[in-house]
Amino acid sequence: MNVCLCPPSSVCLMVLLVCPTALCVCVYYVFTVCSPALRDNRIELVRATWAELTISISDISLSDEGQYTCSLFTMPVKTTKAFLTVLGVPERPEITGFTKPAMEGDEITLICTTSGSKPAAHIRWFRNDKEVTGTKEVNATGKSFTVKSTLQLQVDQSDDGVAYTCSVEHVSLSSNPYQVTEVLEVHYAPHVEISHSVIIPQEGQYFKLECVSKGNPLPEPVLWSKDGGELPDIERMIVEGRELTITALNKTDNGTYRCEASNYLGTSGAEYVLFVYAKDLPEPTTDPNAPGQQDPDHALIGGVVAVVVFITLCLIIALGRYLARHKGTYLTHEAKGSEDAPDADTAIINAEGNHAAEEKKEYFHQEAERNVLHLTPENIGYADNYAFREKHVNNM
């Protein structure tokens, strides 16, 4: 029996086949990666036949990427090659750069980092369920990549409790990206409002006011007062937490109620004007504490004053135009040669006389033009007579 030995350069995964007679041709396979032969305990022979040689690589790493060659040592030697691509699975991301809590108005930075990906992973940011854009940075580390995305924002009270999620997507993760979430904590000064249980309070009713306060930290405690002082009737006016309850309203409860709430960033207050209506009187149709309903007398007085001023201005303008029109008519009559008249009646008579004289002058002037244009020896005497008459009229 002849035994075919492997060439020295092909030590490792090698299948040696023994021929049944001394005349056989020695055939064996050799797997190599690039040029050196495979020398790794992680590589295991799975199957070896005349037609196939199969190996497996356990605990694969990025260093296993490369070109693999299978050689069939016949006469001549036959080879085939395949390139193995190894994907680098990204590590789970981390969010850094943010220190809780933030103060309203602060500018904060959120940094999401993942490493070990090949090719480079893609990072996306979400504010609750809405995507926002960050600044991406990719750095190569050997055969893998480190990806970093930075998100900068100025926070206010609307950001308190908002979840910012960093999502890492990669071909090796299929449709299940890695995600990490950071919930913001933003501290801000309190804001207070008062809500009431009855829109139109009447005598004898059960009435409740609630001091609705917002702030972080939550404003505690809530302080109630009436007309700048303490609550006058603690037996009927009961304070429980944020609520002020008046068990049976009467006219003495009328006044301004105020609640205040504080935290270490500040104090906020709100007021409610209580007016108790008699039980037998008809209820008003509007809430006296609603915006725009307080101080209705001032609005009514302002509207009346505006109307009066407008009517007065219209009357002044109309009177001025009337006087200007009549004054112009009188001056027109005076301008016709009656400036020296002792009174208005004489001025009008003189103006009418001057108007008649003007008409006569115009008539004689037209007649003179016709006589001049048709002057003949027979009417020379008439022309002289016309000149005399025109001179006489001018001297009138």
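How many of the seven residues of strand β5 (residues 66–72) are buried? Five are, so β5 is largely enclosed by the rest of the structure; buried here means under 20% relative accessible area, exposed is over 50%, and partly exposed sits in between (1.4 Å probe, protein chains only). Keep in mind that this is a predicted model, where local features need pLDDT of at least 70 and side-chain atom pairs count only at pLDDT 80 or more, while totals for chains, interfaces and linings use all residues. Residues are numbered from 1 along each chain as its sequence is written, and side-chain values use heavy atoms, with hydrogens and water left out.

**The chain overall**
- The protein chain has three helices and 22 strands, taken as DSSP runs numbered from the N terminus (helices H or I, at least four residues; strands E, at least two).
- Of its 396 residues, 30% count as buried.
- The chain exposes about 25600 Å², with carbon and sulfur atoms supplying 57% of that (Shrake-Rupley method, 1.4 Å probe; for residues, only the protein chains shown count as cover).

**β5 and its partner**
- Strand β5 runs antiparallel to β6 (residues 78–84), and seven bridges join the two; strands pair if DSSP finds at least two bridges between them.
- A hairpin of five residues connects β5 to β6, and Thr-69 stands opposite Lys-81 in β6.
- Cys-70 counts as buried, at 15% relative accessibility.

**A four-stranded open sheet**
- The strand order is β11-β10-β14-β15, with antiparallel pairing.
- At the edges stand β11 (130–132) and β15 (178–183), each with a single partner strand, so one side of each has no neighbour in the sheet.
- Six bridges tie β14 (residues 163–169) to β15, and Tyr-164 stands opposite Glu-182 in β15.

**Cysteines**
- The count comes to two disulfides, a disulfide being a pair of cysteine sulfur atoms within 2.5 Å.
- Cys-112 and Cys-166 make one, with sulfur atoms 1.7 Å apart and a left-handed link at -70 degrees about the S-S bond.
- Cys-112 lies in β9 (residues 107–117) and Cys-166 in β14, so this pair ties together parts 54 residues apart in sequence; both cysteines are buried.
- Cys-211 and Cys-259 make another, with sulfur atoms 2.2 Å apart and a right-handed link at 70 degrees.
- Cys-314 is partly exposed, with a relative accessible area of 37%.
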